[in-house]
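Open the model in your viewer and keep the selection panel at hand. The tour goes stop by stop.

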There are 2 protein chains.
Amino acid sequence: MPTLHSVLETALYVDDLGRSRAFYAEDLELPLLLENQRMCAFDVGGQSVLLLFLRGGSTQDMPTPGGTIPGHDGYGPLHMAFAISAEDLPAWEQRLRERRIPIASRVTWPRGGTSVYFHDPDGHVLELATPGLWATY
Amino acid sequence: MPTLHSVLETALYVDDLGRSRAFYAEDLELPLLLENQRMCAFDVGGQSVLLLFLRGGSTQDMPTPGGTIPGHDGYGPLHMAFAISAEDLPAWEQRLRERRIPIASRVTWPRGGTSVYFHDPDGHVLELATPGLWATY
């Protein structure tokens, strides 16, 4: 049986690409990998890629020279989590304060990890999670 | 500046948890980490976690002993990608055939990677991607 190594890409759908680009590139300092009128892609720690799509802009199948990318789209306040180290948690909370991003809540998990939740400009629920959340993390 | 290490969790919203659980646990053989009436969580390669939420079941803030998890929800055919090794690509295509999961399309990327796209039972657009897709992968 072949295996799945990791979640390589996760996608959020946004109403204003410029506003979201600023949030992820400046507030969270994610390096930009790709940007066009339809989407942005950000590197996450050299391990994963966060995709932002303009809502309604990727509903159709998209032909490329190498093949067709199937259409997709999304509504609602989605959820995703970033892995951070426990040592970085205070610096992240300070960073969010500096950028005037309200912390929506904090959760301490039975295994010892901590999650900090906040919202992006579209109301997506973002989480910074330290190890000790899952049996595998 | 503190860093983000990776995408730890990505979430999909589904209409029938049992149907989706079968798809991800049996067809894709992802190990189940957690299951309740509201959600399932699957380990992905010991690196990431795929969360499935019953659509409409997580809209409210959820108190837990360690703090409150903010509400979220999602509609539409979302997109996410799993990392696979290039050597596993033929075995994955065979696996999809055996499980009668139609391949929606294949894309070959300028950097040499390949993506295979297919749909989950809710129409979410899943991708298996080999290295050579992004500058960082």
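Helices (H or I, at least four residues) and strands (E, at least two) are DSSP runs, numbered from the N terminus. Follow chain A from the N terminus and the elements read β-α-β-β-β-β-β-β-α-β-β-β. Along its principal axes, the C-alpha trace of chain A spans about 45 × 45 × 25 Å.

A word on conventions. This is a predicted model, where local features need pLDDT of at least 70 and side-chain atom pairs count only at pLDDT 80 or more, while totals for chains, interfaces and linings use all residues. Residues are numbered from 1 along each chain as its sequence is written, chains are lettered from A and ligands numbered from 1 in the order in which they are written, and side-chain values use heavy atoms, with hydrogens and water left out.

**Stop 1: the two domains of chain A**

Select 1-57 of chain A for domain 1, then 77-137 for domain 2. These bounds come from an automatic or database domain assignment. The domain centres, taken over C-alpha atoms, are 18 Å apart. Domain 1 of chain A brings 18 residues to the contact and domain 2 of chain A brings 14 residues; contact means heavy atoms within 4.5 Å.

How much area do domain 1 and domain 2 of chain A bury between them? About 1300 Å², with 63% of it on carbon and sulfur atoms. Buried area is the accessible area (1.4 Å probe) that two parts lose on being put together, summed over both.

**Stop 2**

Four salt bridges cross the interface of domain 1 and domain 2 of chain A. A salt bridge is a side-chain nitrogen of Lys or Arg within 4 Å of a carboxyl oxygen of Asp or Glu. Select A:Asp122 and A:Arg55: their side chains meet in a salt bridge at 3.4 Å, N to O.

Ten residue pairs (both at pLDDT 80 or more) are in polar contact between domain 1 and domain 2 of chain A. A polar contact is a pair of N or O atoms within 3.5 Å; within protein, one must be able to donate a hydrogen and the other to accept it, and residues adjacent in sequence count only if both atoms are side-chain atoms.

Next, highlight β1 (6-14) and α1 (17-27) of chain A, which each supply at least two residues of the side of domain 1 that touches domain 2 of chain A. α1(A) gives the most to that side, with six residues.

**Stop 3: a link within chain A**

Select A:Glu35 and A:Arg21, whose side chains meet in a salt bridge (2.6 Å, N to O). A:Glu35 sits in strand β2 (residues 32-35) of chain A and A:Arg21 in helix α1 of chain A, 14 residues apart.

**Stop 4: chain A against chain B**

Show both chains. Each of chain A and chain B puts 70 residues into the contact. Chain A and chain B bury about 5500 Å² between them, 68% of it on carbon and sulfur atoms. How many salt bridges cross this interface of chain A and chain B? The rule finds zero. The polar contacts between chain A and chain B come to 30 residue pairs (both at pLDDT 80 or more). β1(A) supplies the largest share of the side of chain A that touches chain B, seven residues.

Finish on strand β7 (residues 79-83) of chain A and strand β1 (residues 6-14) of chain B: they run antiparallel, joined by four bridges. Here A:Met80 stands opposite B:Thr10 in β1(B).

Key:
Two strands pair if DSSP finds at least two bridges between them.
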